[in-house]
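Colleague: I am new to this kind of model and would like to learn how to read a few of its features. Could you take me through them slowly?

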Amino acid sequence: MLRRVPPSLRRALLSSASTHYGGAQIPNPSHYPSQTILPQWRRHASVASSSAPPQSPPPPSPPRGPSRSGGGGRTVSSLNPAEVAKFAAIAETWWDANGPFKPLHLMNPTRLSFIRSTLCRHFRRDPYSSKPLEGLKVVDVGCGGGILSEPLARMGATVTAIDAADKNIKIASIHAASDPTTASIEYCCTTAEALVKEKRLFDAVISLEVIEHVANPLEFCESLSALTIPNGATLVSTINRSMRAYTTAIVAAEYILRWVSLLSAS
Amino acid sequence: MRASAVSAMLSRRRCFAAAANRIRPLARAFCDAPASRADAAPGGVPGSQDRSQEVGGVKAAPDVLDVAVVGGGMVGLAVACALSNMPLTKNLRVAIIDSNPALKSRNYLTKSSIPDSRVSTVTPATISFFKDIGVWEHVQQQRHAFFGKMQVWDYTGLGYTRYNARDVGKEYLGCVVENKVLCNSLLLRLQEELDDIENVIYPTRLVSLTFPSKSKQAGMKPTSSEPLSAGHSTEELHRSNLVKLDLSDGRSLYSKLVIGADGSKSNVRQIAGIKTTGWNYPQSAIICTVEHVMENDCAWQRFLPSGPIALLPIGDNFSNIVWTMSPEESLRHKSMSPEEFVMSVNRALDFGYGPHPRPNALDHFMEKFFSGTGNTAASTKESFEVPPKATGVVSERMAFPLSLMHSHDYVSKRLALVGDAAHTVHPLAGQGVNLGFGDAAALAKVIAEGVSVGSDVGDLTLLQRYEKDRKAANVAMTAVLDGFQKIYAVDFGPLNVARAAAFHGAQYISPLKRNIISYAMGDTKWPIFS
């Protein structure tokens, strides 16, 4: 029962290969002109939401220019373009447990444990099951390389993972493709606000370590809330506002050790 | 007798043990969810207990596993048993690869008249692990021997130490069980837990392992400059991230994690290129079964100039002998006639090589002096006893060389070593297989923790937690045993007196005695500062 690599995934692999190996940029068929991108992407996305959970990730959208995500006044999203760009710059190192994202990898088991126990309690699931989140629709807003999304998928959840940086989505899709449990994660390069516009709803909306990078946290929270079904769950995490957290995470990690050089002082 | 009372108590506790089997999600969980277990909506967990898994809507291929245990000995079977016993890990696809035909056995071993020479002394920590995974009740249906007393002395006759389980408020110090009984009990438990044990045990040998290389992984940087061809299937993509095991019958398996439980000459460890440190002891051990006139209920160990001789009860009127000596002597003892051997054994245990320890002024002084240090242990008052005479040797005598070995790494990507594959120690304290069972319990626990937070079970960071937990404990025990071996290997006046002082200390200083007993029983992790 051989299955070919879905064309969408193949494109993702092609475009990431061309990105990594610089040189001549192979004209990439997925680089559509920006005017047509929105309608086409919306079409795919709405198909995805109405049908059963997709087996393969939807086609990756091309990288969005800074003018798209920033902008003044009525913005499309609440993102800060400078932050997005900084994350995109070190995207390849997402899955290196000893790289710049080491602190994230170290704290991942703890936050997953919290998410598991919270969601089990909220949705009245068996906490001793190996797949307690089976049947739950979860969205990971700001998924980065998929460090949170993959374990959630392994715990049985139907995961949709979104991020504003296309590079992150590509990295995440490729990494997730190698395990059949995680290959079903739906990765989209989009924003929470756009999902709200599509009227997508999820049982659990999770956004960890994102809100500190967002230009308009209040709007962001409203979007997250709009994505959650009534009696669903929304989980948000950020660095603690305590002296100890300030000392370790911001002063030490950012300034002294320069582990996380991309966090802005704001 | 005592054993039957213990077994009655244990069977009553079985229902509690079954509930206690459930591993609690990590202590890091912010809220405890056991209260919701009672009202967990069963409909919300569809088919999670079903072993035929649908993974992402696709049925998992039969040759793709989560965990492949290479080696179906005591420790390998213990890992598989522990995994199948915990709700978090019971749905993992596990395979055991071992060509030993004994793994086909499915019934209790009848008490054949002669106990096998290969026995192990299981500590209370191991017994408690076995109870947790539901194996101990099977052991109790077959031959086993608890002992509550132990006496250790040496040939100089300058001192002795007696240990009693009542010193630490326990009923027994350990239990001596034949290795084949342990294996059989583990197999029987596995058979109870799994419906398809025939598909779990692969009666072949491992020929080679292929670990996923960075280039094959669908990870960050595909090294081939040409893109993936259109014909590259998703299945191949999935398999490229797994370890490939080639078996001697031509089949290939793919697994997320390979556990090397294949003994001191581990094939898995060699293929993975993990280096070891160790040395051969200039000693071999002879093992056999001897018979007495009456039942033996104490473990005896006498240190002779060339090595210790241990007499361990195995049940009925039999005892097991583990006699460490030089390789040439061991060959001689192996080939001498049974009568000569029995005489040699009795000499070694009783009057040969030196006198019995006799109570003298020092003993009385120390007993009085240290009786002020808290509760006096019961065995402090016990005087030296002569071990029971062996009336005949009833089994084949086997000899094997002794060595110390420790692996530099217990884990690497998608690989973990347990038991003798990771470390071997001197048998003088009966600790070897107990370290292995400790490894099995720790590894199963770490895998369960990984599953509870949705990790890939072969993730190196996860496996390193197992290594961190066990390496320190195993190295400490290995060092202690090696120290004992070296101290007792020298016949030198001042050192003999120092050893005698140590015997006296352990006999009369009750807190020290309790520390020693607890460490040997596996109740504490470190010999001191516990």
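Colleague: In which strand of chain A is Asn231(A) found?

Modeller: This is a predicted model, in which local features need pLDDT of at least 70, side-chain atom pairs count only at pLDDT 80 or more, and totals for chains, interfaces and linings use all residues. Residues are numbered from 1 along each chain as its sequence is written, chains are lettered from A and ligands numbered from 1 in the order in which they are written, and side-chain values use heavy atoms, with hydrogens and water left out. Helices (H or I, at least four residues) and strands (E, at least two) are DSSP runs, numbered from the N terminus; Asn231(A) belongs to strand E5, residues 228-237 of chain A, and its phi is near 65°, a positive value in a residue other than glycine.

Colleague: Which residue has its ring under the charged end of Arg239(B)?

Modeller: A charge sits over a ring if NZ of Lys or CZ of Arg is within 6 Å of the ring centre and within 35 degrees of the ring normal. The ring in this case belongs to Tyr254(B), with the charged end of Arg239(B) 4.9 Å from its centre, and Arg397(B) lies over the face of Phe341(B), at 4.9 Å from the ring centre.
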